Amino acid sequence: MYEVFFQKFRDKVSLTKEEEGLIKQFLTPKKLRKKQYLLQDGDVCKHIAFVEKGALKAYTVDESGTEHIVQFALEGWTISDLYSFLTGEPATYNIDAVEDSELILISKAAHEELLQQLPKYETYIRLQITGAYIALQKRLTSIISLPLEERYKHFTTTYPDIAQRVPQHMIASYMGLTPETLSRIRSRIFSRK
Amino acid sequence: MNTKQTIAVIGATGNMGSNIAKNLSRGNNRVLLFGNEKEKAEAVLNDIKNSNSSADVEALECPADASWEADIIILAVPYQAEREIAEKIKEVANQKIVISIANPLNENYDGLVTAPDTSAAEQLQKLLPNSKVVKAFNTTFAADFATPVIDGKQADAFVAGNDEEAVNTVTELVKTAGFNPIVAGDLKVSRTLENMQLLLIQLGIKYNYNWLAGWKILHN
């Protein structure tokens, strides 16, 4: 239930059995089935979700009802509307399950308690957020500076798991393209192989 | 709130469990039913679906699976069964709201089996130390769920717990179920609430209230 969570944690910061036990007290195990929401926009984001198994996506919905995906999260990743989580303001993102998923949720109260009680948790969170920030920088750089075909290649080589597991229309949404445009890019790339 | 909450009703085939499940399925909730007998759980499921075809309800065969998927767990089992269920769901109920509805009545309905310095809710909190136990729905009879307005007055339903956010969430559930919620205090107040239901049961037997009765606080 917590295997991936603690494995990822120990990749960044070592933990004693006692510290692991302390952290466990604050974690909420939660199952989410495919297409179910973890969060809908307008609600306050009350948890950071760590994906133990499965896949989630965070997205906005525009006035025409089109989804714009800002992030995917597979095993070992975290996902939330961080702004809403930290400020208590209503969320602007929706988060739902792309596959049946098993999550570890950390509530605001649990998060703050862990930050106080365990400096190693603070280190873990700092490294986690730093990693997410770098990923976001890379994604932004790719969007503003690379031609479409390069962007797609960059995405599939950086995240081969997502490219394999997630339907094409979601990848198109993540890249800011229509499914038709993505399809044309893909056929251009594959015809050259 | 826009996001649907998932509520596991453990003991969903009993009188209380089935009525709680039915009323909560009318709100923005996904309700998971667990009962020891699968056929009975299916019957409760069909009954809910028949009265409300858009209800998001499902019967599950394992209390731990239902609780794992849930945001909120309602233990609608007799006091005597709480320990066994608590052991089964302990790990997946971590940090979650667990609602204690039980009244620890003795066999003759003339006293409680718990010591005066504790309550069923506080004992459940000891069994589930990392869960947020909240007392609710213990002063309402099963029949009250179909008729929460008795003699022209909406029955009160008391909520007690130590975690403020959890108490607020349960207060909303009490409203959804059709009752007037009153936050009574911290979990210790469960001792009084459980005794209140003992009195109501005794009065019900004495004056033949026919199991349709409730509490109403009169105030200005």
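The paragraphs below take up the sheet, the cores, the domains and the chain contacts in turn.

This is a predicted model, in which local features need pLDDT of at least 70 and side-chain atom pairs count only at pLDDT 80 or more, whereas totals for chains, interfaces and linings use all residues. Residues are numbered from 1 along each chain as its sequence is written, and chains are lettered from A and ligands numbered from 1 in the order in which they are written.

In chain B, 8 strands form an open sheet of mixed pairing, in the order β3-β2-β1-β4-β5-β6-β9-β10; strands (E, at least two residues) and helices (H or I, at least four residues) are DSSP runs, numbered from the N terminus, and two strands pair if DSSP finds at least two bridges between them. At the edges stand β3 (56–59) and β10 (180–185) of chain B, each with a single partner strand, so one side of each is left without a neighbour in the sheet. From one strand to the next the twist averages 25°, with axes fitted as lines to C-alpha atoms and angles running from 0 to 180 degrees between N-to-C directions. Within the sheet, β6 (residues 132–135) and β9 (residues 156–161) of chain B pair in the antiparallel sense over 2 bridges, and B:Val134 has B:Gly161 in β9(B) as its bridge partner.

The largest nonpolar core has 65 residues, and those with the most contacts inside it are B:Val9, B:Ile10, B:Leu33, B:Ile74, B:Leu75 and B:Ile99. Such a core is a set of buried Ala, Val, Leu, Ile, Met, Phe, Trp, Tyr and Cys residues joined through C-beta atoms within 7 Å, where buried means that 20 or more other C-beta atoms lie within 10 Å of the residue's own, with C-beta atoms placed from the backbone. Helix α7 (residues 164–176) of chain B gives the most to this core, with 5 residues.

The domain assignment, which is automatic or from a database, divides chain A into domain 1 (3–145) and domain 2 (148–193).

Finally, 14 residues of chain A are in contact with 12 residues of chain B. β1(A) gives the most to the side of chain A that touches chain B, with 3 residues.

How values were computed
Contact = placed C-beta atoms within 7 Å. Buried ≥ 20, exposed ≤ 12 C-beta atoms within 10 Å, placed from the backbone.
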